[in-house]
Amino acid sequence: MARITIPQLREKRAAGTPIVMVTAYDYPGARAAERAGVDMVLVGDSGAQVVLGHDSTVAITTDELLVLAKAVRRGTETAFVVCDVAFGTTEASDVQAVETAVRFVKEAGADAVKLEGGNASRLSRIRAIVAAGIPVVAHIGLTPQTATALGGLRAQGRTTESAARLVTEALGVQAAGAFCVVVEAVPTEITEVLREALDIPIIGIGAGPADGQVLVLHDLLGVTEGHTAKFVKSYGTIGADTTAAIAAYAAEVRAAAFPGPEHGYAAAPEAVAAARAVLAGE
Ligand code: KIV
């Protein structure tokens, strides 16, 4: 089957068919997402936290994201692959933004890049990247790369000022050429307004019903330790299962129960005799 296209994503929105997006950061994760039949895979900068152990998304670099993105690309056949751009790699100028986006397309085979924010300078970056022929997914609402400026990792669009800004930003990213927008941590009623305002698909995360949904893979698998956002739903217990499997392995090694005879290779008697002869100095 061929890779999903932007017109097909638009058709899904028009038909009211929810678009499924999930993050992935490596080949096995991408293979699982592909086998599960998701529409879009996001190589998220959330990999900074869930894969690399940083406490925020800002630490990840383009080179690190590219390693993850290449593996994800190799693991997908039909899913549309979107790559986050790292914080600090598009902020300086439109030229810098285009150079960064080009790397994801040329080096990792990304189908699109995702940019956080909807203020005037972000709209300029989106326009520049789209003009270079690279599809852009916008990301508004809670934008983790600039969470400090937003007052922390908190829902957006809950005050009159914030709700009005969200509508302005949504219209702005659409006008700038984004073909799709991720809306994060926004009240359901405000997402409804955004859906009325926009023609492009809205992928929600903590934003109620939308044209599609995205979750961080490690959150939905139950791998993430400690606090998770209110909007996270866990569909698995892979974290606990992984710990249990490693603990069982450790216990068997310590009890000399692993490896068993079935896990070893057999040598011909002459080979054993030759090895012993060397040991005996013959
Ligand atoms: O990096 C990421 O995982 C994201 C999603 C939360 C949308 O941007």
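Here are a few friendly notes on this predicted model, point by point.

1. **How to read the model.** Residues are numbered from 1 along each chain as its sequence is written. Local features need pLDDT of at least 70 and side-chain atom pairs count only at pLDDT 80 or more, while totals for chains, interfaces and linings use all residues, and side-chain values use heavy atoms, with hydrogens and water left out.

2. **Domains.** The chain is assigned domain 1 (6-236) and domain 2 (242-280); such bounds come from an automatic or database domain assignment. Taken over C-alpha atoms, the centres of domain 1 and domain 2 are 47 Å apart.

3. **Two crossing helices.** Look at helix H5 (residues 94-108) and helix H6 (residues 120-131): their axes come within 9 Å and cross at roughly 50°. Axes are lines fitted to C-alpha atoms, for helices over the stretch in contact, and angles run from 0 to 180 degrees between N-to-C directions. H5 and H6 are therefore oblique to each other (under 35 degrees is roughly parallel, over 145 roughly antiparallel, 65 to 115 roughly perpendicular, and the rest oblique).

4. **Who touches whom.** Asp94, Ala97, Val98 and Ala101 in H5 meet Ser124, Arg125, Ala128 and Ile129 in H6, where contact means heavy atoms within 4.5 Å.

5. **Aromatic pairs.** The whole structure holds 2 aromatic pairs (ring centres within 6.5 Å; planes under 30 degrees apart are stacked, over 60 edge-to-face, the rest tilted). One of them, Phe80 with Phe179, is edge-to-face, with 5.6 Å centre to centre and 65° between the planes. Phe80 lies in strand S3 (residues 80-84) and Phe179 in the loop between helix H7 (160-176) and strand S6 (180-184), so the pair ties together parts that are 99 residues apart in sequence. Helices (H or I, at least four residues) and strands (E, at least two) are DSSP runs, numbered from the N terminus.

Key: Rings of Phe, Tyr and Trp (its six-membered ring) pair if their centres lie within 6.5 Å; planes under 30 degrees apart count as stacked, over 60 as edge-to-face and the rest as tilted.
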